Amino acid sequence: MSWFTKALSGSVGKKLVMSLTGLFLILFLIEHLIGNFMLLKGDGGVAFNEFAHFMKHNPVILVGEIVMFIGILLHVIDGLALERKNRSARPIGYATPNKSAVTSWTSKYMGPFGIIILIFLAIHLYDFFRYKYFSPVDNMPGTDISDLASLVYIKFQSLVYVVFYVIAMIVIGFHLNHGFQSAFQTLGLNHAKYTPAIKFIGSLYAILVPLGYALIPVIIYIQNISN
Amino acid sequence: MNLTLKIWRQKNQQDKGGFKDYKISDISPDMSFLEMIDVLNEDLVKKGEDPVHFDHDCREGICGMCSMVINGRPHGPKQAITTCQLHMRSFSDGDTITIEPWRAKAFPVIKDLVVDRTPFERIMQAGGYVSINTGGVPDANAIPIPKNMAEDAMDAAACIGCGACVASCKNASAMLFVSAKVSQLALLPQGMIERKSRVEKMLMQMDAEGFGACTNTGACSAECPKEISLTHIARLNREYYSAKVYSENV
Amino acid sequence: MSKILDSKVPEGALAEKWSKHKFNVKLVNPANKRKYDIIVVGTGLAGASAAASLGELGYNVKAFCFQDSARRAHSIAAQGGINAAKNYPNDGDSVFRLFYDTIKGGDYRSREANVYRLAEVSNNIIDQCVAQGVPFARDYGGLLDNRSFGGAQVSRTFYARGQTGQQLLLGAYSALTRQVANGKVKLYDRTEMLDLVLVDGKARGIVTRNLITGKIESHSAHAVVLATGGYGNVFFLSTNAMGSNATAAWRAHKKGAFFANPSFTQIHPTCIPVSGDHQSKLTLMSESLRNDGRVWVPKKAIKGLSAKDAVSLPEEDRDYFLERKYPSFGNLVPRDVASRNAKMMCDEGRGVGSTGLAVFLDFADAIKRSGKDVITAKYGNLFDMYQQITGDNPYEVPMMIYPAVHYTMGGLWVDYNLMTTVPGLYAAGECNFSDHGANRLGASALMQGLADGYFVLPYTIGDYLANMPNEKVSTDHEAFQTAEKEVKERINKLLSVNGNKTVDEFHKELGKIMWDYCGMSRNEEGLKKAKKMISEIRKEFWENVNVIGDNHEMNQSLEKANRVADFLELGEVMVDDALQRSESCGGHFREESQTPEGEALRIDDMFSFVAAFEYAGDNQPEKLHKEDLVFDNVKLTQRSYK
């Protein structure tokens, strides 16, 4: 192994990868959310479709997309490796759980949350790739822009799918609640002045962003019923 | 006080081990937790049974030898003390108390509640020192050290090496232990010379011993009898990155 | 000077003895050092520093400790600080003043040359520790801070919060650890020394027991260093760690090393009182508490007076006995005086608490005078510790304190080179008797342990080794085989008694006798009675002790039994020594020897000697040898604190 891969394969190195990819994915969530909000514009999905079209044809974004998929992949691979290592570090557990409330409970289940998110992501990406490469979507009338929005509107008419989506967002919220501030701690950024702010912003982010995501299918579903 | 004790008994490293219940009566609230076990052991010896083995020495919270998980918490229900400093007035009549050894792959049970903590020794041997020989050192006041830095270093140096951090961590990670030493020596000018190789070697040894990785849960610091802060783990991380980027160890 | 006891103090002026001696000692060629093996037993301040320094020089060192890590030796529990004659505060300290204070504090029962050397190397210790990364307290300018300690008139005590012993030990431990990593020291943890092996009259190895597997093993070397600490646990209750024991020193004594001044025990006045029969050890609280706390008992005996009820006791019914008897020093009289007076109050029936064996240490006036915040800043952690242990809140009710055994000044007799009467066997730290006379000053134990290990033994052992061939003795040698056999027989004997009493019961009985008759104050009648009682208990021990389990696995009852068996022998020699020394000096108070005011009276023309006891065989009286103490540089005075 080179010094570089060695540096990243130790337990702190792996954590560094988790932290950097995690922060990158946190940023991506905002970009994605902005796009999603366009579904609520009430223009039949035109803005959303134009946004998606722009994203699909901008070379910078395309490179970003590849980086993002590598990021997800690394986050998943290292996350699984760490989870495995951590579980094997205590082959015999305690008979009594530690009931002290001093640590946040979300931090204890990052692995399980991650796996639920991974399942959600698998379904999500399955759709993404299917429509992107294999079963092209119809264009919006009179344009060369794919009408992805209509697909989304149809998907969100299913109560099962909406509930699944909302649950996944709650889990992402939990994952972010610890992950956000943990990423900074892993980077070594722990400071008496700034850490409380990081924790506050992290918790806020972990509530607002998943809430934003979850609202969209709920609103669409309700709109659809009331129509 | 009358109590029921549920204690992990294991004859030796090979034995599978299991819990055994003991009833114990007339316990004074003024007794220390370990004195309560002394009383139990005197009873057991009288009955011709093998007493419960546990590590303990100074019984004043500084040697780091005592190591019990009491009702799921290393060193028991109170913050910032060791098991030997815990007193029975923290419990109530009729309580059932579960007592287990530290649990970690790196800390195998030797007997009953006694575990093998030699991995900590090897981590220290990997670099937890300043490489100077006796004699030939400069005058103690030759290098002034800012008071707050000396205090920070002292906060880290307060580690007693008991292993409660490992025992409490859901990943059985030894990061708090390693960070305490790395941080102490990174804060002091005396530790600067070997700063980079120290953090690299100590972490490498930590990984080799089979401890888990840190997930910043914070249980270690919460259960640490000396309240060593997570800021030392953050500093350890910084030291590691800087060592990996700048050191010439390929 | 007695013929057998040659102290080997070098000729010349006091201040030049050590320098000259360092020049005169023979050196081992650097290339030859690796041909010599040295065993160091114990990894406290003295042991760890010696093992590390000898390893650095190139010798092959084997270090042993009974704990699971070298870092846990009981030096770690020292709170207050370490003295050195740096004179950083510019308040008139000097090597000579530190020497003088130590000799005087020891009530003129220690050897001038050794004490002077201790003061001389004290400064190097601080330099060494700082270089290791010991985080001593510092001032705002970044330089080291000092405080005055134990009534010293200069500020010469360096400290690291209330954990100085811990920090110094971790420094020595890190140096030791480095040598382990370098392969120069092989560390045997959870291993206890059970015998010393002599070949041709010289110490050539030890026999040990692995505390995990029970395996009895032999280790051969060219020299053996014992740094195994003190024997305060003879008293059962002391501030020592549970595992602190005298076994290594005692077995060495039985192989020919003389035991010096065994009766010199330091009893510390500010400990948390015993709360009941279950008590397993005593907790010391810093002496600094007496700077602000006032010590008192009720004027008239009140049975079972609790701290809560004491608050409402009117001033006129209280007796602040230290302030009354010692108006100029008040509550700050030295340790032995404070301890003895507390005992006197309790003997008069005026003791407080449920046991009647405690006196109050009251902060009510200090809190009224300086405010609670000031008191919290000074003693907050001690108050917390007190509340944790007793359940009482010292901010609201007075603390209760009682004296407890803390340190043993006596130990294996050593000459100026720290060699015992067995050639090749050295003793360092609390294990030897050398530097503290009849009473140790605060913050001097850490100084002595590190002085011996870092700066004395590396020179003096070299001198011994340079004079001997480097051939190794095989552990197959008859002497090792015999020693192993004896150790095994003794263990089997302990395991086969199958009696009715536990080891702790014997230990508690012994402790009570020692405390009652050979504790804070001693008299001929009591000592004679104690001697008889101890020998009876010892006899009963071997007929009626119950040790559970076997020798092939971890067996903590067996470990304890082994140690208590030795305490039972050592206790009797302590009594012998206390009997023969019919003067009062330092921590040793003989009721027959006191001034009309009831203070300790030293008798210099009769007792200016070190009493060294020679083992003369099982159940034989020990033979007393005397090393006369000569004082050329200090004038002997009686202490007075009126």
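**Domains, a sheet and chain contacts**

In chain C, the domain assignment (bounds come from an automatic or database domain assignment) gives domain 1, residues 267-405, and domain 2, residues 478-603. The model is predicted, with local features needing pLDDT of at least 70 and side-chain atom pairs counting only at pLDDT 80 or more, while totals for chains, interfaces and linings use all residues. Residues are numbered from 1 along each chain as its sequence is written, chains are lettered from A and ligands numbered from 1 in the order in which they are written, and side-chain values use heavy atoms, leaving out hydrogens and water.

The C-alpha centres of the two domains of chain C sit 30 Å apart. Where they meet, twelve residues of domain 1 and ten residues of domain 2 are in contact (heavy atoms within 4.5 Å). About 890 Å² is buried between the two domains of chain C, with 63% given by carbon and sulfur atoms; buried area here is the accessible area (1.4 Å probe) that two parts lose on being put together, summed over both. On the domain 1 side, Ile267(C), Arg340(C) and Lys343(C) supply 54% of the area buried against domain 2, more than any other three residues. As for polar links, two residue pairs of domain 1 and domain 2 of chain C are in polar contact, both residues at pLDDT 80 or more. A polar contact is a pair of N or O atoms within 3.5 Å; within protein, one must be able to donate a hydrogen and the other to accept it, and residues adjacent in sequence count only if both atoms are side-chain atoms. Zero salt bridges turn up across this domain interface (side-chain nitrogen of Lys or Arg within 4 Å of a carboxyl oxygen of Asp or Glu). Helix H9 (335-347) and strand E15 (399-408) of chain C each bring at least two residues to the domain 1 side, and H9(C) gives the most, with five residues. Helices (H or I, at least four residues) and strands (E, at least two) are DSSP runs, numbered from the N terminus.

Chain C also holds an open sheet of three strands, ordered E6-E7-E8 with antiparallel pairing; strands pair if DSSP finds at least two bridges between them. Its edges are E6 (191-199) and E8 (216-220) of chain C, each pairing on one side only. From one strand to the next, the twist averages 25°. E6(C) and E7(C), the latter spanning residues 202-210, run antiparallel over eight bridges, and Val199(C) has Lys202(C) in E7(C) as its bridge partner. Helix H13 (residues 478-496) of chain C packs on this sheet, touching E6, E7 and E8 of chain C, and its direction makes about 140° with that of E6(C). Axes are lines fitted to C-alpha atoms, for helices over the stretch in contact, and angles run from 0 to 180 degrees between N-to-C directions.

Turning to the chains, two pairs touch, and the most contacts are between chains B and C. Chains A and C share no contact, their closest C-alpha atoms being 20 Å apart. One salt bridge joins chains B and A: Lys85(A) with Asp207(B), the closest N and O atoms being 3.6 Å apart.
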